[in-house]
Amino acid sequence: MSSSLRPVPSRWRRAASIVLAAGWTRPETATPPSRPPPAEGFRLLLLQRSPHQGFMPGAHVFPGGVLDAADRSADWLGLFAPHHGPPGFGLGPAPFSRAAFPSPPDTGDSNADNTGALPEDVAFRICAVREAFEEAGVLLLRPRTSPPGPAPGPGLALEPPPGLAAWRARVRRDPRHFLRLCAHLDCTPDIWALHNWSAWLTPFFRSATRRFDTAFFLCCLREPPPVYPDWAEVVGYQWSSPSETTESFLSKEIWLAPPQFYEVRRLANFASFSDLHKFCLGRALEGLERWLPIILLTADGMVHLLPGDELYLEDSDFLENLMSTEKKTEEIMKEGKQFHRIVIHNRHLYDIHVTVQSKHKHVYPKNSVVSKSHL
Ligand SMILES: CC(C)(COP(=O)(O)O)[C@@H](O)C(=O)NCCC(=O)NCCSC(=O)CCC(=O)O
Ligand SMILES: Nc1ncnc2c1ncn2[C@@H]1O[C@H](COP(=O)(O)O)[C@@H](OP(=O)(O)O)[C@H]1O
Ligand SMILES: [Mg+2]
């Protein structure tokens, strides 16, 4: 197996993404007769990126985007007072325990400047809530008069404000307007409804111009709020259960990048909405790892290696490198035993192989070896 050196370091951008999981009580009339009803009892919001996006054009993603200086402005302190404020904003101890590898990518990008007035955990949540508003018109806010502390049950999104389009245009132009919108509505971003879920670094691939260090949060909503795509960055959306989403991907209706596919398959472990919500509350104080997939190019495909896999190398060279082999994927799979990997057979056929124990009381996806009929 060989690796190829790449001299120019990537530019990393810190980002936040939010997996919105909504309880689904609507009648199933919209489900085509050919398709079985969703097994999981909740649906996830996926947004279709514009074909004109520079990064992952046309892909279905969870709402999200890059952290802006406005997300960690000291001005938020006034809005969160008097109930919540530093050091913990009522979130409890920050659970983000960085794994030994990789250390946070080095970047000269101002986006990575960590000198803001807010704890990082709070700023990332504000970013995720702002992006959900900008991209989907979903407002995850909570009245400032609400009692302190996290709500015991799944939340509800706020009704969109009159003049949604004008507010959104202002926020998109200048993210500082998001705080002004919250103040106007006498609300704060509902940072307590967001549960730490995972963190992904964009793997090194071909030419790595855009790379993200993305915190993923999970937010349970009692019911799906109306979605208003911005028709600019986002050109469509769907609410679909993990199994429906998998089916849409395999049948080429939508395209998912490997991390999003992994998260969808991880969520397929939950039989009901209340199981998912209880799970999120139960692991609120557990640690979280940031994963850098390492790409192994094979003779006929690609494997995204994840931490714990026997081929995964905790070597900082692989922040800017991939591995390659002349062997076929099948041979590589026959040779191994300890797997934590996403096998990419083609653009719409991924298999997840997991034989390692999950860490930090999280769940990993079950092995998903799809039927050969999709090949
Ligand atoms: C959070 C983001 C959606 C931000 O992007 P935006 O342009 O909206 O600012 C995005 O960074 C995201 O989804 N991050 C999650 C981790 C990630 O980087 N996913 C993409 C991986 S790319 C890949 O795996 C290979 C893709 C391929 O072509 O095969
Ligand atoms: N009308 C449009 N069509 C396609 N992409 C757009 C767009 N308006 C903004 N974008 C892109 O959306 C990205 C902003 O996403 P976010 O706010 O979620 O981080 C930016 O991409 P880059 O990140 O490539 O600069 C920006 O160029
Ligand atoms: Mg985005």
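In which loop does Met-56 lie? Met-56 is found in the loop between β3 (42-49) and β4 (60-61), where helices (H or I, at least four residues) and strands (E, at least two) are DSSP runs numbered from the N terminus. Its phi is near 45 degrees, a positive value in a residue other than glycine. The model is a predicted one, in which local features need pLDDT of at least 70 and side-chain atom pairs count only at pLDDT 80 or more, while totals for chains, interfaces and linings use all residues. Residues are numbered from 1 along each chain as its sequence is written, chains are lettered from A and ligands numbered from 1 in the order in which they are written, and side-chain values use heavy atoms, with hydrogens and water left out.

At the level of the whole chain, the domain assignment (bounds taken from an automatic or database assignment) gives domain 1 as 13-26 + 37-103 + 115-290 and domain 2 as 293-374. The C-alpha centres of these domains lie 27 Å apart, and the contact between them (heavy atoms within 4.5 Å) takes 32 residues from domain 1 and 34 residues from domain 2. The buried area, meaning the accessible area (1.4 Å probe) that two parts lose on being put together, summed over both, is about 3,200 Å² for this pair, and carbon and sulfur atoms give 65% of it. On the side of domain 1, Phe-101, Phe-204 and Tyr-262 supply 22% of the area buried against domain 2, more than any other three residues.

Turning to the ligands, 17 residues surround ligand 1 (a residue counts if one of its heavy atoms lies within 4 Å), and the closest are Arg-49, Thr-202, Phe-212, Thr-214 and Gln-260. Polar contacts, here pairs of N or O atoms within 3.5 Å, include one of 2.7 Å between a polar side-chain atom of Arg-49 and an oxygen atom of ligand 1. The side chain of Thr-202 places an N or O atom 2.7 Å from an oxygen atom of ligand 1, whereas the side chain of Thr-214 has one 3.2 Å from a nitrogen atom of ligand 1. The protein covers 88% of the 690 Å² of accessible area that ligand 1 has on its own, as given by the Shrake-Rupley method with a 1.4 Å probe. In the shell around ligand 1, β5, β9 (210-221) and α6 (258-267) each supply at least two residues.

Conventions
A polar contact is a pair of N or O atoms within 3.5 Å; within protein, one must be able to donate a hydrogen and the other to accept it, and residues adjacent in sequence count only if both atoms are side-chain atoms.
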